[in-house]
Amino acid sequence: MAGSSSGFVVGLTAAALATVGFLTFKAAANVPPDLGERTGGALGVSTSKAPRDSGDPEALPAGSGSGERVVYSLDDDRVWLVGNGDKVKRTFQVSPGSVDPAPGAYTVGSRSSSITGTDGMPVEHVVRFATVDGVTVGFSAAVPGGTPQPDPVARTGGIRESRADGAAMWQFATIGRTVVVIP
């Protein structure tokens, strides 16, 4: 009986490994080849410091592209969700990770409703758009009750938003949406 049980376990293990291998292959095949690649200057995006309206720090910076897009300012730690006609639908402050993408235009390449972030925090509404030196960069909202002290030396690409802002980003920034990063 012991011989047949071990053979059964070996068979189940082999089947499980084959299934995991197949699912890994399928997942890799569905990752956009341009995730993390800049889409270029076709959108009229300036990679130099965009002029700001000193009277209204929430105003959309000039030189941040055109059309529906997410604009992320590295210097201001601010995001704008921009709809048709360059109308700002929402703007909010964010807390950047330790790894920043270079200024330019990107596209949303993948999303996850909930995962554990690179800093060990449980996060939701994850919208990924770039990869920098092996670190994935994207927007996300921390889930209440997560680890209060993330690892301070971890290289993280998570750009944290409030849960309400994360929900708005999730609705707006679907796969293929342009993300413009400005200085």
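Predicted model: local features only at pLDDT ≥ 70, side-chain atom pairs only at ≥ 80, totals over all residues.
Let's start with the five-stranded sheet: 5 strands form an open sheet in the order β3-β2-β1-β9-β4, and the pairing is mixed. Strands here are DSSP runs of E with at least two residues, helices are runs of H or I with at least four, and both are numbered from the N terminus. Two strands count as paired if DSSP finds at least two bridges between them. At the edges sit β3 (88-93) and β4 (104-107), each pairing on one side only. On average, neighbouring strands of this sheet are turned by 20° against each other, direction ignored. For angles, the axes are lines fitted to C-alpha atoms, for helices over the stretch in contact, and values run from 0 to 180 degrees between N-to-C directions.

Residues are numbered from 1 along each chain as its sequence is written, and side-chain values use heavy atoms, with hydrogens and water left out.

Back to the strands. β1 (residues 69-73) and β2 (residues 78-82) pair in the antiparallel sense over 5 bridges, and Tyr72 stands opposite Val79 in β2. Helix α2 (residues 163-172) lies across β1, β2 and β3, running at about 140° to β3; contact means heavy atoms within 4.5 Å.

Now, salt bridges. The criterion is a side-chain nitrogen of Lys or Arg within 4 Å of a carboxyl oxygen of Asp or Glu, and the count by this rule is 5. One of them joins Arg78 and Glu58, with the closest N and O atoms 4.0 Å apart. Arg78 is in strand β2 and Glu58 in the loop between α1 (2-29) and β1, so the pair ties together parts that are 20 residues apart in sequence.

On to the other sheet, an open one of 4 strands in the order β5-β6-β7-β8, again with mixed pairing. β5 and β8 are at the edges with a single partner strand each, so one side of each has no neighbour in the sheet. Here neighbouring strands are turned by 30° against each other on average, direction ignored. α2 packs on this sheet too, touching β5, β6, β7 and β8, and its direction makes about 55° with that of β6. β6 and β7 pair in the antiparallel sense over 7 bridges, and the bridge partner of Thr131 is Thr136 in β7.

Which strand gives the most to the lining of the second largest pocket? That is β7, with 4 residues. A pocket is an open set of points on a 1 Å grid over the protein atoms alone, where a 1.4 Å probe fits, with protein on both sides within 12 Å along at least five of seven lines; lining residues have an atom within 4 Å of a point. Among the 14 lining residues, the closest to the centre are Ile115, Thr118, Val126, Arg128 and Thr136.
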